[in-house]
Amino acid sequence: MAQAYMTETGSDGSEPEPSRAGLRRRLTELRRDPGIWRRGIVLAAFAVLVSGVMIFHAELPNDIGNLGSLTETFLPWLGLAVPVLFAAALFRKSATALIAILLTAAVWVNLFGGLVTDKAHAGGNLTVATHNVDADNTDPGGTAASVAKAGADVLALTELKGSAVPVYEKALAGTYKYHSVEGTVGLWSKYPLVASQPVDIKMGWTRAMRATVKTPYGEVAAFVAHLPSVRVKLNAGFTANQRDNSADALGAALAAEPLRRVILLGDLNGTVNDRALSEVTSQLRSTQGASGDGFGFSWPAQFPMARIDQILVRGVTPEASWTLPRTGSDHLPIAARVTVRP
């Protein structure tokens, strides 16, 4: 005799959800699993190591290949270890690893979570921008036109090739009435520039300058700098000694600046986390850190991984900070809006 079998359904005709008893049973099985705490010890140890590097990065030695500075340059990227380790911990069903990884995530959020959100404010009466235009740029005119569209009142350009300077001057003449070029760096402004002069950063040629910008709200000392490049070599590590010496010289010039309002623009070839730039960063405030949207990575332009182009200020209030569209350079231009109080 044929028999009919019917599946029990809920009152609405849908399949029944797994019972709470079944869920409790699975949780009980996990609690009784003796390996849940023993598995994943290596994963947990690696998570603890990542946390330790983020917390104690300032203790990493710079004596061997400038390891500390190299780590600090790419410090935010250590956060990529969290999702990878988390997935591995789930696969291994390791409670020990999961707890360690959650602590690592908490450390990253504590250090860098504030950079993820948009901290821009309304207002601001002075917009500034800076761009390493790349000496090998094949389209200097197009690059100049692109950055001019940002509407900055003051624009700093670094890595200016001598033969390309007239191209930049011509392309920017319609937007900026005043400009000054010292060596391979230059400053363009809608407001008068006075007392323009090179700044010695111990390189043997001019890659830094200082000028007074006479804004309607008061005088501002504008510094433009392009610190020496750094390299990562297998046999030498992070070769940054010349950069570090130039940073110290730039810091001395900033400390000696008599004007209260100071803006530093340029390519420092280092992030604000890099201890080697402390002579500079200890005196000034990053507009990106104070009022930026995201990390504001500026280099390399194809896939930005670090913010080595900087706008740092003292005596003015950062209101917003952002990156600009890519040009023919290997860096992205960056801009900021600040308030200069009379």
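Residues are numbered from 1 along each chain as its sequence is written. Because the model is predicted, local features need pLDDT of at least 70 and side-chain atom pairs count only at pLDDT 80 or more, while totals for chains, interfaces and linings use all residues; side-chain values use heavy atoms, with hydrogens and water left out.

**Overall make-up**

The chain has 10 helices and 14 strands; these are DSSP runs numbered from the N terminus, with helices (H or I) of at least four residues and strands (E) of at least two. Of its 342 residues, 46% count as buried. Buried means under 20% relative accessible area, exposed means over 50%, and partly exposed lies in between, with a 1.4 Å probe and protein chains only. Residues 24 or more positions apart account for 67% of the contacts with a separation of 6 or more, a contact being heavy atoms within 4.5 Å. The accessible surface comes to about 17300 Å², and 59% of that belongs to carbon and sulfur atoms. Areas come from the Shrake-Rupley method with a 1.4 Å probe, and for residues only the protein chains shown count as cover.

**Inside the chain**

In soluble globular proteins, nonpolar side chains tend to be buried together. Here the largest nonpolar core has 23 residues, and L126, V128, L187, I263 and I311 touch the most other members. Such a core is a set of buried Ala, Val, Leu, Ile, Met, Phe, Trp, Tyr and Cys residues joined through side-chain atoms within 4.5 Å. Among the elements that give two or more residues to this core are β1 (126–132), β7 (218–226), β10 (262–267) and β14 (334–339). Apart from it lies another core, of 19 residues, including V199, A208, L254 and V280.

L126 is worth a look in the viewer. Leaving aside neighbours within four places in sequence, L126 is in contact with residues including D153, Y191, T215, I263 and V338.

Helix α7 (residues 165–172) has V165, Y168 and L172 as its buried residues. They sit on the same side of α7 because they cover an arc of only 65° around the axis, taken from the directions from the helix axis to the C-beta atoms. Their cover includes α6 (140–148), β2 (154–158), β3 (178–182) and β4 (185–189).

W37, I99 and L103 make a nonpolar surface patch of about 340 Å². Patches are made of residues with over 30% relative accessible area and no salt bridge, joining like charges within 9 Å and nonpolar side chains (Val, Leu, Ile, Met, Phe, Trp, Tyr) within 5 Å; a salt bridge is a side-chain nitrogen of Lys or Arg within 4 Å of a carboxyl oxygen of Asp or Glu. I99 belongs to helix α5 (residues 95–116) and is partly exposed, at 44% relative accessible area.

**Backbone details**

Most residues other than glycine have a negative phi, and most peptide bonds are trans.

A cis peptide bond joins W299 and P300, with omega about -10°. P300 lies in the loop between α10 (287–291) and β12.
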